[in-house]
Amino acid sequence: METTIPTGTASSSAVSTTPLGAAASLAAPLSINAPVVLTTRPTTPLVATGTTAASGVQPKVEQNLAARFLANGRSSRSPTVGASSHRSDDTELSKRILETHESDDRGLPVKPVLRIIDVIFYRANVDLPGYVIETDNTADEKVLYSSGSLQDFVEIPSRITSAISCEIFSKCSTGVDVHTIVMDILRLIKHYSWESKAVLALTSFAVTFGEFRIVLQLYSTSPLAKSVALLKQLPEVLEHAADLRPKLNELYSLINEITDVTKKIVEFYDIPRVYFTAESPEILAAIQHIPTAVYWSIRSIVVAATQILALTGMGIDYLTETWELSSLSHKLNNIKGHLADIIKRCYEFIERKKEEEAYEMIVRTFTTSHIDNSRPLRVLFKDDPTPAIYDCFNRRKVTIEELRRKVVALFITAIDPELSGTAEYAILQQMYSEKKHNLTRSESQYEVVWVPVADIWTDEKYRLFETLRDQMEWHSVHHPSVVSAVVRRFFREKWNFSKKPLLVVMDTQGRIVHHNAIHMMCIWGSLSYPFTANREKLLWEETNWTIDLLADNLEPNMISWINEGRYICLYGGEDMEWIRKFTRIAKDVARESGITLELLYVGKNKGKERITKNIIDLITNENLSRSLDWNLIWYFWLRLESMWNSKGQFANPENVKNDLIMQGIIAMLSYGSSDQGFAVISRGFGQMAKGNGEHMFKGLAEHGRWRKRETEISFVPALDEYLRKIHLDAPHHCTSLILPGTGAMPDTVACAECGRLMEKYTMFRCCLD
């Protein structure tokens, strides 16, 4: 039969038989004051000790008592009620909940208590017949033992938990609706913090549930437990365990949801508040959700407690329907999701704040004076408990202390399988080889540390890291994890690291004295030591645009040629016909002028290896001139690009036209970017004459026109003068300048041929040789 019994002041006419699941979502919350539709089913007579009636249907008075006791607040609203009405109800409920809270004066050691509650609720379904799962009580015992001394140092307010139980059982039995009971419980614990309120209510229920479990577990082995079970009519529960399983499983699911919501509330209050203000969005969201979460948690506890009473006294016919418990579980699951989102946002905010603090600490460290470099290095690399640095040559870990009071060059790169083939790697390897062969000289008193940077480290990347590290002779970080995300951010934002390798130099006192010393190393080698920006500037101030700077010691005979006063011609390009014509006319002019001219082929910038090697073979076989080999040609143009990057740091854009070195660098890079040939002729450390292939060939071919001038001012100045005239008389020209994608990038560049501003384009190129 179906009997409708009103509770509280609700009218029975408002009863709706709509399933609670349709009205229990966040958009349509469970009703606060509601009647109960109590459904009983005809059953066979139960024979049990203490049963006073042979019929399975209890007296009407008992039915009414059970109905009032099991009042669970089913919604009396139609599911078609507007959303605005629900929002209004939610606002009113929140207001009434907050009115019950007076202070946070009292607290509870919530975490130890929750650990004990976990033991009580742990795998509760295995207590019923039909479950054969082997349970391991070891974990439970460990929790109990670790929390068993709780009473020794803190008092659990058992008076309060007992009072909460009394509120639930006494007021339900007198027909008080669930909402009123919950509000009365909240007033009872009005001086406790919100997380303590939730834990206190859960504790009171855990005691009741724990007593129920103990009797179930010991029923078959303990006469005392069996006696209590008989008095509570538990044999009926055991007899119908299979039929009750869906309801009991739903009850246990509800208990799990209550516990999860309570833990989320506790977790929120465990978050450090130092990172938040009262106006933080995360705090405002919590203020809105947590009181309501506590309310629904306690409300669900009241419903769950009535289910235990039905099992232990009223009879199984008075258990709440499965869908009703499921609806409450769904409601709590939604609340848990909101709390989890708030907590996640809080931790993300804290992580960002911690990252900002760590970042600012790194910035402060590198703007503060230090006695040595140990602190700045420890800020960059976590050196505890495992040493952060690895000596690749000796295959051993070393501490940061071993780098103390040394100049340290940080070789910062991406984790790239082609790293060992990059220009930066080659330059550093050459420098380090010199250092290894001259360990005692002052220019060798530095150490290199490789710092690979990657935001995500896969197994493949880690294997590549080990492979590259094993190829190196200098130092490396021992493991990529010693470089934190904040340090990687510092590299990118303060040291402008992107993908191209950097060589950042730290002096003996931890000061950053150069943000990329690789270019000065490429140009001057060990003369760059101690690799400071001031040293680089001083080297440029002492340098002139001469053939010595341009060619360095790439040709073994260069120094002797200069000292002997020979004329030196560096030429390049990939047009073999022009090369033949040019070398022939250059030799003829040298004989006419009675000078000794050394011709040296230097290729083309970014030339293809196969083509360049073929040209070198032809030049050698035809005895046209000397030539650098392929590796030295590559290095020749690499040095010029390094000169562009290095000198460009100190060049005043307004005075570039008057800067002979910058003009020379621009001219050479322009020639190297062109498809036609070029040549530069000089004697000793003096003036240089330069021109593209067409103009240089024309100038030499018309030697007779300026030969008289040659006798007046010498060969090179006369040739340079005539080349300038050719430039002016030329009807047109097209000069390109391909610059490296990193380093100095001026807004304007003057043409090396005519001095006019060049147009600026962006070029992407992929060349497979």
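**Helices and loops of a predicted model**

Colleague: Which residues of helix H17 (residues 485–494) are buried?

Modeller: Helices (H or I, at least four residues) and strands (E, at least two) are DSSP runs, numbered from the N terminus. A residue is buried under 20% relative accessible area, exposed over 50% and partly exposed in between, with a 1.4 Å probe and protein chains only. In H17, the buried residues are Val486, Val487, Arg488, Arg489, Phe490 and Phe491.

Colleague: What pLDDT do local features need in this model?

Modeller: Residues are numbered from 1 along each chain as its sequence is written, and side-chain values use heavy atoms, leaving out hydrogens and water. The model is predicted: totals for chains, interfaces and linings use all residues, side-chain atom pairs count only at pLDDT 80 or more, and local features need pLDDT of at least 70.

Colleague: Which elements do the buried residues of H17 pack against?

Modeller: Contact here means heavy atoms within 4.5 Å. By that criterion, the buried residues of H17 pack against helix H13 (322–365), helix H14 (374–380), S5 and strand S6 (446–453).

Colleague: Which residue just after H17 takes a positive phi?

Modeller: The position concerned follows directly on helix H17. Its phi is about 60°, and the residue is Asn496.

Colleague: What percentage of the residues of the protein count as buried?

Modeller: The secondary structure comes to 28 helices and 14 strands. Among contacts with a separation of 6 or more, residues 24 or more positions apart account for 74%. Of the 769 residues, the part that counts as buried is 50%.

Colleague: At what angle do helix H3 (residues 110–121) and helix H8 (residues 194–218) pack?

Modeller: Two packed helices are described by the angle and the distance between their axes. Axes are lines fitted to C-alpha atoms, for helices over the stretch in contact, with angles from 0 to 180 degrees between N-to-C directions. Residues that meet include Val113, Ile117 and Phe121 in H3 and Val199, Leu202 and Phe209 in H8. The axes of H3 and H8 are 9 Å apart, and the angle is about 30°.

Colleague: Are H3 and H8 roughly parallel or roughly antiparallel?

Modeller: Angles under 35 degrees count as roughly parallel, over 145 as roughly antiparallel, 65 to 115 as roughly perpendicular and the rest as oblique. H3 and H8 are therefore roughly parallel.

Colleague: Is the crossing of H22 and H26 left-handed or right-handed?

Modeller: The axes of helix H22 (residues 576–593) and helix H26 (residues 693–701) come within 9 Å and cross at roughly 30°, and among the residues that meet are Trp578 and Phe582 in H22 and Phe697 and Leu700 in H26. A crossing is left-handed if the near helix is turned anticlockwise from the far one by less than a right angle, and right-handed if clockwise. The crossing of H22 and H26 is left-handed.

Colleague: How far apart are the end C-alpha atoms of helix H24 (residues 630–650)?

Modeller: The expected span of a helix is 1.5 Å times one less than its number of residues. For the 21 residues of H24 the span should be 30 Å, which agrees with the end C-alpha separation of 31 Å.

Colleague: What is the relative accessible area of Arg405?

Modeller: Arg405 lies in the loop between strand S4 (396–398) and strand S5 (407–414). Its phi is near 65°, a positive value in a residue other than glycine. Arg405 is partly exposed, at 47%.

Colleague: Which residue is joined to Pro530 by a cis peptide bond?

Modeller: Pro530 is in the loop between helix H18 (518–524) and helix H19 (533–541). The omega of the cis bond is about 10°, and the partner of Pro530 is Tyr529.
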